[in-house]
Amino acid sequence: MLIGELSRRTGVSSRLLRYYEAQGLLDAERGSNGYRDYTADSVAAVRKVRALLAAGLSTEVIRSVLPCVRGEGVRFAWCEEIRSVLDRELAAMDARIEDLRNSRAALACYLEQP
């Protein structure tokens with residue numbers, strides 16, 4: 001399928017699909033005319049990428065864990081390396097949340113001043 005069709009099926013813009021390809025998250029063959037040609041599996045691949053992005057993972061991390069994602073949803077074929085990557089991401093996210101809580105508390109304190 002051409003990029004426009006993949007865009008319609010996934011709701012993801014063609015520009016973003018090209019970005020995913022450039023980041024190594026999506027594969028496309030090239031026709032003799034130079035157009036990208038995606039397989040039916042590309043729809044599921046885009047959905048997996050979108051789900052992992054929604055979970056707060058960077059494209060770099062997604063590129064490393066995507067080969068271990070199985071099935072239609074986001075289900076992992078677990079190995080120690082993938083688990084440690086996701087553990088690190090969760091710890092980093094927890095640290096960012098704590099930083100935001102501290103920033104929020106400071107801002108709230110400023111707003112309480114007369």
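Leu107, Tyr110 and Leu111 together make a nonpolar surface patch of about 380 Å². The model is predicted.

**Packing of H1 and H2**

- Two packed helices are described by the angle between their axes and by the distance between those axes.
- Helix H1 covers residues 3-10 and helix H2 covers residues 14-22; the two pack at an angle of about 105°, and their axes are 9 Å apart.
- An angle from 65 to 115 degrees counts as roughly perpendicular, and H1 and H2 are therefore roughly perpendicular to each other.
- On the H1 side the contact involves Ile3, Gly4, Leu6 and Ser7, which meet Ser14, Leu17 and Arg18 of H2.
- Sorted by class, the residues of the contact of H1 with H2 are three nonpolar, three polar and one charged.

**Packing of H2 and H3**

- H2 also packs with helix H3, residues 41-54, at an angle of about 85° and with the axes 12 Å apart.
- H2 and H3 are therefore roughly perpendicular to each other.
- H2 contributes Leu16, Leu17 and Tyr20 to this contact, while H3 contributes Val46, Val49, Arg50 and Leu53.
- The contact of H2 with H3 has six nonpolar residues, no polar residues and one charged residue.
- Leu17 takes part in the contact of H2 with H1 and in the contact of H2 with H3.

**Salt bridges**

- Side chains of opposite charge can pair when their charged atoms come close.
- There are four salt bridges in the structure.
- Glu5 and Arg9 are four residues apart in helix H1, so about one helical turn separates them.

Note on methods:
Residues are numbered from 1 along each chain as its sequence is written. This is a predicted model: local features need pLDDT of at least 70, side-chain atom pairs count only at pLDDT 80 or more; totals for chains, interfaces and linings use all residues. Side-chain values use heavy atoms; hydrogens and water are left out. Patches are made of residues with over 30% relative accessible area and no salt bridge: like charges are joined within 9 Å, nonpolar side chains (Val, Leu, Ile, Met, Phe, Trp, Tyr) within 5 Å. Accessible areas come from the Shrake-Rupley method with a 1.4 Å probe; for residues, only the protein chains shown count as cover. A salt bridge is a side-chain nitrogen of Lys or Arg within 4 Å of a carboxyl oxygen of Asp or Glu. Axes are lines fitted to C-alpha atoms, for helices over the stretch in contact, and angles run from 0 to 180 degrees between N-to-C directions. Angles under 35 degrees count as roughly parallel, over 145 as roughly antiparallel, 65 to 115 as roughly perpendicular and the rest as oblique. Contact means heavy atoms within 4.5 Å. Ala, Val, Leu, Ile, Met, Phe, Trp, Tyr, Cys and Pro count as nonpolar, Asp, Glu, Lys and Arg as charged, and the others, Gly among them, as polar.
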